[in-house]
Amino acid sequence: MKTYHFAVDLGATSGRTILASFDGEKVEMEELTRFKHPLLPIAGHQFWNLPYLYDEILRGLKEAASKLDTLKASLSSIGIDTWGCDVAYFYSDGTIAGLPYCYRDNHTVGAVDEFAKKMSKKEVYSRTGIQFMDFNTLFQLDTLRRNNAKVLDSCDKILWMPDALSYMLTGNAVTEYTVASTAEMLNPQTGDLDEELLKAIGLSRDKFGPMVQPGAVIGTLSAQVQEATGLGDIPVVAVAGHDTASAVVGVPTPDEKYAYLSCGTWSLLGIESPSAIINDRSYELNFTNEGGIDGTTRFLKNICGLWIFERVREELGLQNADISALAASCLDSTCESLINPDDPAFANPKSMVKAVNDYCIAHGMAVPNTTADYTRVIYRSLAHRIGEMLELLKEFSPASIERLHVIGGGSRNGHLMQMIAEETGIPVVAGPGECTALGNVLVQLRASGRADSLAEMRRVAVNSTETKTFLPK
């Protein structure tokens, strides 16, 4: 019997809602809504518009209800995945106590070094195994504490983004394991938030929801949401709430001899490991250990992805240009300059074009002149960085890495995929572009008992996707 599932997939610049069907062998997905969600500039800071995101989810649920009514079918479950690190705040009556800061807000610049005055970086890493980035939740909350933000004490619950939106739908607060693991607050040895780190930022464990694993049912739609959407008491599932964790669940791989690259605004390059890898070498290289499904660890490196390209494209007035044509234009350029995409200069400059130019000048390289030059420089630099990090990743992989699975929107860019194949020297298997939504749905299937193991979910993923392989020349 065919079942229907509703997936919310929120990226850092846009979101989508998807109605998926499962016939016992493969998942088919139909996009219901897609929307941009620009940041809210308030009081010198950048926030996420949480009420708007919630309203867009309601809109998608209404669309799902209408479509299912036509099909004379019912919805089996709902799941939400988002980016990591950012949190929202709620009072005990369920109302919003504070909007989520965006991880790109500059109030956390230097936050890692500030926290190191309380606890050494080495000790923090030994407790969490997480790559140091100023915007990790630990440092966001510590920044608010140092700035005497009243919300930390006045709120009843602090919830990561997918958990916050699920709370708004159900009234039940949880902390989903995979998204909490991005925070640099979760101890993989205990499987819960680290008490010493909480103490260091003056917060108690009860400020957060109980820890749940992917596949747990959070609750059902509240009566108010049922009335607003026309749906019944549909279960809301804690999927792998971090979008990369969902994407990795959906990787269509027949074995373990691979690395993955989730390619979008960020490029997340990693492997799946049976346990966290925390040692002097991983600390030195600043690799991260994030939670996966079935107790696995996503051992990975966060690399700046297509963020630089998107910013340059916008600045040059090419927002509506065909991406394929822009990508092809790099063949017309001979500019050999290489930038480091992870240089702090590219985090969030006022002008990304100027940031690229200044970097090239400072490093004695040719400055790009044309759109083709900028495209070539950015793509080649990203591919080169991925190649460098993959070589380091091989030191830790429990299995030989024979191919790279690239998932996410960037997998549709054939020119970039070929560059990555050249830089890594191994086959690049590109697709699916909607791997995150697929992984979201696969965990919902687990919750409903229709895919009861990771192996079964991967089998369904292979059945449900089309991929294209790029070989190094």
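This is a predicted model: local features need pLDDT of at least 70, side-chain atom pairs count only at pLDDT 80 or more; totals for chains, interfaces and linings use all residues.
In what follows, Ala, Val, Leu, Ile, Met, Phe, Trp, Tyr, Cys and Pro count as nonpolar, Asp, Glu, Lys and Arg as charged, and the others, Gly among them, as polar.

Rolling a probe the size of a water molecule over the atoms shows where empty space is left. The structure holds three cavities of 30 Å³ or more. Around it you will find Phe309, Val312, Arg313, Leu316, Leu318, Leu326, Thr371, Tyr374, Thr375 and Ile378. Two elements, α12 (307-315) and α15 (371-393), each give two or more residues to this lining, and α15 gives the most, with four residues. By class, the lining of the second largest cavity divides into seven nonpolar residues, two polar and one charged.

Now turn to the largest cavity, with its volume of about 60 Å³. Its lining is made up of Thr128, Ile130, Tyr177, Ser181, Leu186, Pro188, Ala276, Asn289, Glu290, Gly291, Thr296 and Thr297. Strand β18 contributes the most here, with three residues. The lining of the largest cavity counts five nonpolar, six polar and one charged residues.

Among the strands, β4 (40-42), β5 (45-47) and β19 (297-304) each supply at least two lining residues. The largest share, three residues, comes from β19. Sorted by class, the pocket lining has 16 nonpolar, ten polar and eight charged residues.

Phe135 and Trp266 belong to one aromatic cluster together with Trp48, Trp83 and Tyr103. Across the whole structure, a search finds 18 aromatic pairs. One of them joins Phe47 and Tyr101 in a tilted arrangement, 4.5 Å centre to centre and with 45 degrees between the planes. Phe47 lies in strand β5, whereas Tyr101 lies in the loop between β8 (96-98) and α2 (111-115), so this pair ties together parts that are 54 residues apart in sequence. Both Phe47 and Tyr101 are buried.

Next, have a look at Phe287 and Phe299. These two rings form a stacked pair, 5.2 Å centre to centre, with 10 degrees between their planes. Because Phe287 lies in the loop between α11 (280-285) and β18 (288-291) and Phe299 in strand β19, the pair ties together parts that are twelve residues apart in sequence. Here too, Phe287 and Phe299 are both buried.

Lys301 lies over the face of Phe287, at 5.5 Å from the ring centre. You can find another such arrangement at Phe132, where Lys121 lies over the face of the ring, at 5.0 Å from its centre.

Conventions. Residues are numbered from 1 along each chain as its sequence is written. Side-chain values use heavy atoms; hydrogens and water are left out. Rings of Phe, Tyr and Trp (its six-membered ring) pair if their centres lie within 6.5 Å; planes under 30 degrees apart count as stacked, over 60 as edge-to-face and the rest as tilted. Buried means under 20% relative accessible area, exposed over 50%, partly exposed in between (1.4 Å probe, protein chains only). A charge sits over a ring if NZ of Lys or CZ of Arg is within 6 Å of the ring centre and within 35 degrees of the ring normal. On a 1 Å grid over the protein atoms alone, a cavity is a set of points where a 1.4 Å probe fits but cannot get out, and a pocket is an open set with protein on both sides within 12 Å along at least five of seven lines; lining residues have an atom within 4 Å of a point. Grid points are joined across faces, edges and corners, and a volume is the space filled by probe spheres set on the points.
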